[in-house]
Amino acid sequence: MNQFINATVFTGEEWLSNASVRIDNGRIQEISTAETSTESSDPTVIDLNGDYLLPGFVDLQLYGGSSQFLNDQPTPETVRHIYDSHVRNGTTTLLPTIHSTSLDIMQQSMAAVQVVRKENPLGVPGIHIEGPYFNPIKRGAHSMAYVRTPADGELETLFGTNADVIRILTLAPEILTPEQFNTIKRLKHANTLLSLGHSNATYQQATAAFNDGMPLATHLYNAMRGYESREPGVVGAVFDHPTVRASIIADSYHCNPTTIRIAYRLLGERLFLISDALFANPPRHTFELGQFIVHFEPDANGPGRYVNNEGNLAGSAITLIDCVRIAVEQAGIPLTNALRMASVIPAEIIGLGDHIGKIKAGYAANLVRTTNSLETKGVWASGEKIA
Ligand SMILES: [Zn+2]
């Protein structure tokens, strides 16, 4: 058992000052703002001296940890490494993500994530498969060698084993035949959410897909048809739709802060943060990514970025708490809302909103201690001290 005292708690809904939080058996037992008369010498009592205590962050798209990423080494060790790298900064739940690759690597990655999911079901609840069924015009940093339409029998093989581990599948609906799209909807597990991304769909095509079983859109603005006067595009379809939810990369580079703020004003709680991290905590200098060589470019005014030899951005170099800070400081999103976009909302999206994403009795004791400028000072995952 542990008890945190003198905390400034964000529950996921409201802020409580001078609060105490009691955890036991990996779960949150009680949150209280009553005066505590606990002996300060009690080793199970942790005095936070007014620091923030936040719900652990939930990142639905990231590719690697500090030194390995899933496409390269699709093993359970890599998945554990990715989790260990991000959890140190407070991301207590994440979906390891693979970018466009062969069917064989996709299946190996799914099997690897399935192993770790069984060990740590609330830490690594599944995989995000990003591609390969993309529009080549919007492939971004994905390798042309892998971007494709499904071959005969490919979808049956993909969903034949470990289909339940796929939490998100990003695809461009306009490159599929209606039969292929229906096959995906029929074969996928109920847990799997289809997300529209790397797509050149028109407003009409995107809206039709959102109304036909695609509840999400992947990294708003990036690698999708933009918003134009006579063709509102995918971006316009996201803005205009009543329910579709979109992720956004607030890393200082993928989106101008003003475009993030505009999206937030239009979408409100339909917008959520992802890190899109390639290698993070710390970033890696140079590496191969499919057919590309990618370099890390440091930046005195930001966290630095990855650029490939075609000049395209290739993932980010940060973890989700950095996106929260950038969303607040650069885009002007209120802290309460930015925190929800990195915890409550993504937890709800993947169907775990009753277990993670809030500081509430009965929830997993996934907690992040930070200063009031969001510098991480401590992390607990299922009650266990990580950092
Ligand atoms: Zn992408």
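1. A term to settle before we start: a residue counts as buried when its relative accessible area is under 20%. Please keep in mind that this is a predicted model.

2. Which residues supply the protein donors of the zinc ion? They are Glu 130, through OE, together with His 198 and His 219, each through NE2. These donors lie 2.0 to 2.2 Å from the zinc ion. Along the chain, their spacing reads E-x67-H-x20-H.

3. The two histidines sit in loops: His 198 between β10 (193-196) and α5 (203-210), and His 219 between β11 (216-217) and α6 (233-240). The pair therefore ties together parts that are 21 residues apart in sequence.

4. Are these histidines buried or exposed? His 198 has a relative accessible area of 4%, so this residue is buried. His 219 is buried as well, with a value of 5%.

5. On to the cysteines, in case you were wondering about disulfides. A search of the whole structure finds 0 of them. Cys 255 is in no disulfide, and the nearest cysteine sulfur, belonging to Cys 323, is 10 Å away.

6. Cys 255 is buried, at 5% relative accessible area, and Cys 323 counts as buried at 0%.

Notes
Residues are numbered from 1 along each chain as its sequence is written. This is a predicted model: local features need pLDDT of at least 70, side-chain atom pairs count only at pLDDT 80 or more; totals for chains, interfaces and linings use all residues. Side-chain values use heavy atoms; hydrogens and water are left out. Donors are N, O and S atoms within 2.8 Å of the metal (3.2 Å for Na, K and Ca); water is not among the atoms, so sites may look incomplete. Helices (H or I, at least four residues) and strands (E, at least two) are DSSP runs, numbered from the N terminus. Buried means under 20% relative accessible area, exposed over 50%, partly exposed in between (1.4 Å probe, protein chains only). A disulfide is a pair of cysteine sulfur atoms within 2.5 Å.
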